[in-house]
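Please read it alongside the sequence and the coordinates shown here.

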Amino acid sequence: MNNKSLKNGNNKIDAKNAVIKIANVDKWFRLHHNYSLKDAFVNLFTHKKRDKSLFHALSNINFNINSGEAIGLVGINGSGKSTLLKCISGVIKPDKGKVSIKGRIAGLIEVGAGFHPDLTGRENIFLNGAILGMTKEQIIQKFDDIVEFSEIPQFIDSEVRFYSSGMFLRLAFAVAIHSDPDIFLIDEILAVGDAKFREKCLNRISELSKQGKTMVIVSHAEQQIRQLCQRAVWINKGKVQMDGPANEVLDAMNKFTGLKK
Amino acid sequence: MSNKVDKLRAGFYQPGRSKGLLDLFKHSYLLSLLRKKEVKVRYRGSFLGLIWTYIKPLTTFFIYYYFVGRIMGADRANEHYAIYLFSGLISIQFFNETFRNCTKSIRDNAALVRKIYLPRELFPIATWRVAITHFYPQLFILLVASIIQGWYPGFLHILAVLLGFILLSGLAIGAGMLFAAMNVFYRDAENLVELITMITTWFSPILYKWSMIEQHMPLWLFKVYMCNPLTCAAELFHYAFWWPTNIDFTNYGLSLPPHFGFDICISIIIVILMMVIGQLAFRKFEGRFAQEL
């Protein structure tokens, strides 16, 4: 009884506060696409048909994400988590169905994608800030915070290609975390840096989550999902296998894959 | 994705949809950063740096001037052949650079296209801005040379340069977007563009005068030749820089091409069509860029 009313209550909030709506999303990928004149010529004589096999990466995905919710997308490699995240960010378009978003969205999808090794740390902060949707004024205003967060102020005017990989990721993460969107998309980036910096990043993320930022996190680090997310969606072979409280979903997934906790 | 947009966009929207080129006005800051990046990266680790933007066109100029002008005798038929040659040459080089780099722009920025959503038109437009950066020093050299030869600026001349510049930009961006989209699927586009840019220098009155080609072409081909926006742009540049340096027009048979006004109108229509086709093709295939790269 109690449980039921709680559920109904939640549903009401769902309808009201959804900031990401994923409706009937399907996505196919062509596995073989480079078709050259030589291939055509060879196929002509061998009577081989052109390989048109499609891979069904996402099939009929339906769920909403509410404002302020931290949600984990979990599943084995190749299950379609990252594809779904890219559909949400707009990098790829679903072949069927619709993704709708309310608010500004920024991906921490592979941080540092917009970094150029030949630019200095300072120039990269501005370029990436702008790529992540910040205005010039916002970047100037947050510049010192970004540098401080990255903990590498002494290298800020060196070219990024002289950075160690750890330094690079620190700076990239610092820019991304300060870009201040309404919705954060986070893909496997929490495995970066040394333990101390990773902890700092995790703390920052849970801080932002408490401030009411919406987060969608893709990670194989179970502990992080349990720690950061209330809800998890388990995606298996492009379908939603289970959607519910993070701990329950992860336990079910572990049972399914035969892993001990 | 800038903040100005979001305030307007209170409700739901679909990610990954943009208004194409029109959306870029909201990204002017990012555009200027991308231009700076391109320029900086291109001259990275180079001692002469931006001086190369002077050296390359000047070398091209001197080669043509010496071999086509002096040795093959083109300068005997033309007063101030150097000015004639250079004003045409900078117009075609600006077009070729924009066209070539627009075509490669999506592939060159594959890392970004695959991972972060931005209106993809940003990349071709940024390369156009880079080409403008290279265009200015050449224009400056041309101006200095023209002034030495007795050039004076007139309202119509400046208007002609502007119109020529718009024709070149529009055609290069429109065609560049079309080929950039094709290049994502088949890299042949890049090679095809190399071929086209080789032809353009000769299929417009750069090294010779339009009147010289009239005798060698059937009428219909000559009409096509004259309606070519590149011919019009080159003639507009000639009109702006070369004409004023010739005090005695009549002696050298200086006349604008017949029906020049009509040719310009056709050129403008062609450029607009090219822009529309380029933008439509780009938008049609844009949704698949990230997965095909």
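## Conventions and basis

A crossing of two helices is called left-handed if the near helix is turned anticlockwise from the far one by less than a right angle, and right-handed if clockwise. The structure is a predicted model, in which local features need pLDDT of at least 70 and side-chain atom pairs count only at pLDDT 80 or more, whereas totals for chains, interfaces and linings use all residues. Residues are numbered from 1 along each chain as its sequence is written, while chains are lettered from A and ligands numbered from 1 in the order in which they are written.

## The two chains

Chain A has 9 helices and 9 strands, whereas chain B has 13 helices and 0 strands; helices (H or I, at least four residues) and strands (E, at least two) are DSSP runs, numbered from the N terminus. Buried residues make up 41% of the 261 residues in chain A and 43% of the 293 residues in chain B, where a residue is buried if 20 or more other C-beta atoms lie within 10 Å of its own, exposed if 12 or fewer, and partly exposed in between, with C-beta atoms placed from the backbone.

Two residues are taken to be in contact if their C-beta atoms, placed from the backbone, lie within 7 Å. Among contacts in chain A with a separation of 6 or more, 74% are between residues 24 or more positions apart; in chain B, 85% of the contacts between residues at least 6 apart in sequence join residues at least 24 apart. The C-alpha atoms of chain B fill a box of roughly 70 × 50 × 40 Å along the principal axes.

## Helix packing in chain B

Helix α12(B) (residues 229–242) meets helix α8(B) (residues 155–185) with axes that come within 8 Å and cross at roughly 155 degrees, axes being lines fitted to C-alpha atoms, for helices over the stretch in contact, with angles from 0 to 180 degrees between N-to-C directions. That angle makes α8(B) roughly antiparallel to α12(B), since angles under 35 degrees count as roughly parallel, over 145 as roughly antiparallel, 65 to 115 as roughly perpendicular and the rest as oblique. The crossing of this pair, α8(B) and α12(B), is left-handed. Residues making the contact include L163(B), L167(B) and L171(B) of α8(B) together with A233(B), L236(B) and F237(B) of α12(B). By class, this contact of α8(B) with α12(B) has 13 nonpolar, 2 polar and no charged residues, with Ala, Val, Leu, Ile, Met, Phe, Trp, Tyr, Cys and Pro counted as nonpolar, Asp, Glu, Lys and Arg as charged, and the others, Gly among them, as polar.

Helix α5(B) (residues 81–108) also packs on α12(B), at an angle of about 140 degrees and with axes 9 Å apart, and the two helices are therefore oblique to each other. α5(B) passes α12(B) in a right-handed crossing. Among the residues in contact are I83(B), Y84(B) and F95(B) of α5(B), along with A233(B), F237(B) and W242(B) of α12(B). The contact of α5(B) with α12(B) has 10 nonpolar, 4 polar and no charged residues.

Across the interface, 32 residues of chain A are in contact with 28 residues of chain B. The elements giving two or more residues to the chain A side are β1 (18–30), α3 (81–89), β4 (96–101), β5 (105–109) and α4 (121–131), and that side has 14 nonpolar, 9 polar and 9 charged residues.

Helix α4(A) is mostly covered, with 10 of its 11 residues buried. What covers these buried residues includes α5 (136–150) and α6 (165–177) of chain A, together with α2 (28–42) of chain B. α4(A) is followed by G133(A), whose phi is positive, near 95 degrees.

## Two buried sites in chain A

G129(A) lies in helix α4 of chain A and is buried, with 26 other C-beta atoms within 10 Å. Leaving aside residues up to four places away in sequence, G129(A) touches M134(A), I139(A), V175(A) and S179(A).

P181(A) is found in the loop between α6 and β6 (183–187) of chain A, and P181(A) is buried, with 22 other C-beta atoms within 10 Å. P181(A) and R104(A) are 77 residues apart in sequence, yet 5.2 Å apart in space, C-alpha to C-alpha.
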